[in-house]
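Hi there,

Here is the structure I promised to pass on to you. Have a look around it first, and then read my notes below.

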Amino acid sequence: MEFFWEATKNAWAQYNCSRRLEENLTVLRTEMRGLSSRECDIKNELKRVEVVHGRKLKEEVSLWLENVEKITSEATKVEEDCREVRKYFSLSRVALGKLVIDKIEEVVKLKEKGQFSGGLLADLVPESGSMPMMKLVGRTRDERNSEEIWESLMDRVVKTIGVYGMAGVGKTTIMTQIHDRITRSGKFGHAVWVKPPNDFNIERLQNGIGQAIALDLSHEEDEMRRSVKLLEALKWRGNNFIIIFDEVCKPFPLEKVGIPKGDACKIILTTRSKNVCRDMKCDRKIEVEVLSREEAWKLFKERLGANVVLSMEVEPIAKLITEECGGLPLGIITVANAMREKNDVREWRKALEELKCSTMEMEGMGDQVFRILKFSYDRIKSERSRSCFLYCALFEEGYGINDEGLIEHWVAEGLIDDMGDWEKELDKGHTILKELIDLGLLVSFDHSLLMHDLIRDLAIGITRKTPRFVVKVGTGIRGSIGVEEFTEDVERISLIGNEIEMLSGEPNCPKLSTLLLKMNFLSGNISHEFFNRMKSLRVLDLSITKIEYLPASVSNLENLRVLLLENCRMLREVPSLEKLKHVKLLNLSATDIKELPHGMECLVNLKELCVSSSTTNRLNAVGCNSLVLPGTIVKLEMSQCELSSLPYLSPLQRLQKCSISWCSMKWLLPIRDNSTVTSLPSIQSLNLYELPSFRGLCEGVLLPGSFACLGRLVVDGCNVLESLMSVALFQHLQCLEHIEIQKCSEMEEVIQGGEEAMVEESDNNNNNNTILLPKLKELYLHRLGKLKSICKLVLTCPSLNKIHIVGCHRLKTIPLSLGHSTSVVVGEIEGSRERWDALEWDDSNTKTLLLPLFQEVDEAAGGGGETRGIKRKAEEELQQVARIS
């Protein structure tokens with residue numbers, strides 16, 4: 001009888017579970033319909049804003065859409081499983097019931113996360129458009145001007161503000177402060193910074209605005225259609241949208257360009273002419289005057305140095321020098337920088353005389369400004385440094401110049417000696433940059449360099465004679481470029497950012513060493529003989545053009561050092577590089593080539609190689625895996641390649657920086673039997689992204705010294721990776737400073753092995769279960785859903801100051817020892833309170849130090865009260881069934 005009642009209870013419990021299963025399935029379907037509706041709304045919204053070309057989805061939106069697709073598939077599978085067991089009173093229903101409840105919870109969470117109140121697309125202002133913060137120079141004057149501009153912005157009646165003043169007076173500096181204040185205030189949507197072209201035309205201005213808001217107008221030839229498209233894109237951004245036009249030379253009609261009137265956006269423009277403000281019908285006109293004598297002297301002393309005390313003999317001369325600058329902040333800053341650490345009164349007298357006598361005329365500009373700037377140019381110590389400064393004039397006005405890229409150009413040109421050591425060349429280049437920055441001729445900003453427009457004009461003025469430059473950057477040149485620009489005496493030519501369709505003929509340029517053609521159409525391509533008589537060419541930049549092939553004459557540029565073909569998305573054919581033995585930098589990223597060019601093995605001086613495909617077609621395995629590159633490579637970037645591992649390419653003994661993404665690679669390094677060479681002994685930075693087949697750093701055993709210099713390791717989106725490396729390799733990474741691993745869905749442990757050391761410690765009472773990482777400063781583990789273990793041994797990290805562990809909800813232990821209680825660590829460790837309490841610690845002091853970083857999240861919480869109630873009730877019933885069973 002007892003057995004009968006037990007069986008009856010069991011059957012009833014399973015029936016109840018079955019009934020609840022059907023109810024919960026109904027809830028799941030309802031929640032899925034809601035989720036699908038939200039997904040549909042988001043996709044429709046994305047279609048509606050297709051006008052905004054070039055903007056990227058926010059990463060959180062992209063991930064959300066991926067998760068919706070994934071859970072839709074999983075929910076369908078649950079339905080199928082339920083249909084399979086529906087006709088049986090089976091214990092499998094218990095497991096299915098729990099699974100359905102879990103899915104309801106996930107769906108509700110996803111629905112909540114799908115609101116995206118901050119919008120679906122990435123920031124309206126591109127990263128390249130961010131403005132460097134420049135210090136206000138005249139406290140009274142600049143603060144007064146800034147407040148007047150700000151009050152005008154807050155006035156609803158004022159729609160257009162004109163800020164005018166002479167060249168070098170500080171208008172742009174004031175506006176960078178306003179731009180920052182707008183961004184921080186939260187009172188406006190966005191502020192976009194646009195620099196109109198000097199040789200003004202409507203189309204190029206539209207292109208500039210479009211570029212600033214990531215709107216591609218390059219395919220629209222009709223001015224009216226461009227205007228409509230721009231108007232729609234700006235209106236879509238809503239009210240309180242601000243556009244800052246810096247240095248407007250000529251007035252233009254806002255409505256013709258495509259800028260909305262009314263409350264949609266406000267306009268601020270800076271100009272040298274009050275007449276431009278009048279013709280633009282500015283509601284408020286604000287003049288930026290020169291500094292007063294007191295403000296000028298204060299600024300001059302600040303730039304000399306806060307602790308500098310001038311002698312009684314020098315001070316009156318210094319004041320006269322300040323007066324020679326005419327109250328212009330740019331002039332004062334550059335002259336003061338040039339006179340730093342000058343103590344001899346004779347040097348000061350000479351400087352004053354030079355300022356008075358210096359002549360420098362520039363068409364359309366006041367000669368006073370250029371006379372002052374020429375003074376600073378003359379203070380550059382060596383001819384080599386002067387040449388480096390003048391080279392900066394070749395790049396786009398108003399855009400940052402990448403510091404390392406610039407130094408690479410200098411090295412290629414012979415302006416910096418080839419030392420055979422990339423780091424030493426960089427150090428020398430940064431020394432020259434520091435000199436130019438200290439003189440006020442360049443501004444350093446976030447690994448980029450900015451050159452003031454007037455200083456750039458000075459450099460261009462100097463290079464019109466000797467050395468002979470042709471600089472026509474963004475001047476609207478269309479069609480075919482005239483051969484007259486390619487004269488016999490020209491040394492460097494920059495035609496960046498024009499609309500040149502074709503390069504034809506065979507220009508004779510025996511002295512030409514740099515040719516920059518970046519950001520031109522070139523859809524008509526280049527004649528095959530074009531480069532035949534450019535034997536001295538060292539730098540050739542054809543990036544971001546529409547060329548389909550490189551002409552055969554490129555093969556004969558035997559002095560070429562730098563060949564840049566990045567983002568030539570239609571480029572399918574590159575001729576043999578066999579003769580280009582001096583090439584140091586080759587960039588073939590985002591091209592449409594199917595195989596690497598013939599003769600790559602002959603590039604015996606190659607230091608930097610970047611290769612990737614612009615399409616979903618990967619570079620052919622024949623072009624990658626069978627290739628042997630010279631061991632001189634220092635920097636390697638490869639993407640979208642049929643690449644199985646690195647050693648097939650070369651020994652890579654000098655490789656310092658490596659980035660591999662979207663390749664078919666299984667192992668970074670394969671088994672190499674009887675190898676007597678250490679692997680990647682010089683590698684400093686290693687980035688591995690989105691490698692769908694990647695299984696780890698090394699398939700075999702590496703010699704001591706491998707990875708010995710590795711300081712930065714990033715692994716992201718490698719979804720079959722279960723563990724990254726062996727403990728034997730990890731314990732030799734004594735230079736490691738930064739570890740970042742995220743979105744590796746199958747990873748269960750970061751470091752594999754270590755059990756032997758633990759057993760040995762247990763047997764012999766030794767303390768061998770620790771690994772010392774003396775330089776490790778940052779540890780990031782993000783969204784590793786299956787991660788259970790970082791390492792079985794204890795990691796002693798006395799330098800650790802940042803730790804982020806997020807979305808690693810199965811992690812059982814954090815095996816860190818921070819060494820001493822005074823460590824200051826910032827970051828976050830996310831999880832439930834139960835998870836935190838259950839974590840195992842090898843060092844209780846570390847737990848105490850990391851406790852302030854803990855952020856409690858409910859890993860199993862439902863999205864709403866109703867769902868939570870269903871979850872609790874159903875789980876109680878499932879537990880009852882489990883107990884009875």
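**What I found**

The lining of the second largest pocket is made up of five nonpolar, two polar and eleven charged residues. Please keep in mind that this is a predicted model. That pocket has a volume of about 500 Å³, and 18 residues line it. If you want to find its centre, look for Ala 338, Arg 340, Lys 342, Lys 381 and Leu 439, the lining residues that lie nearest to it. Helix H12 (329-338), helix H13 (345-357) and helix H17 (422-438) each contribute at least two residues to the lining.

Next, the nonpolar cores. The largest one has 114 residues, and Leu 515, Leu 668 and Leu 724 are the members that touch the most others in it. Helix H20 (residues 727-730) gives this core its largest share, three residues. Apart from this core there is another, of 94 residues, which includes Val 158, Phe 188, Leu 390 and Leu 394.

What does Leu 515 touch, leaving out residues up to four places away in sequence? Among its contacts are Phe 486, Ile 493, Phe 530, Phe 531 and Met 534, as well as Asp 541.

Finally, a pair of strands. In a regular strand, side chains alternate between the two faces of the sheet. In strand E2 (residues 191-194), Ala 191 and Trp 193 point one way, while Val 192 and Val 194 point the other way, and all are buried. E2 runs parallel to strand E3 (residues 241-245), and four bridges join them. Ala 191 has Ile 242 as its bridge partner in E3.

Enjoy exploring!

How values were computed:
Residues numbered from 1 in each chain as written. Predicted model: local features only at pLDDT ≥ 70, side-chain atom pairs only at ≥ 80, totals over all residues. Heavy atoms only, no water. 1 Å grid on protein atoms, 1.4 Å probe; cavity = no way out; pocket = protein on both sides within 12 Å on 5 of 7 lines; lining within 4 Å. Points joined across faces, edges and corners; volume = space filled by probe spheres on them. Nonpolar A, V, L, I, M, F, W, Y, C, P; charged D, E, K, R; others polar. Core = buried A, V, L, I, M, F, W, Y, C linked by side-chain atoms within 4.5 Å. Buried < 20%, exposed > 50% of the residue type's maximum accessible area, 1.4 Å probe, protein only. Contact = heavy atoms within 4.5 Å. Pairing = 2+ DSSP bridges.
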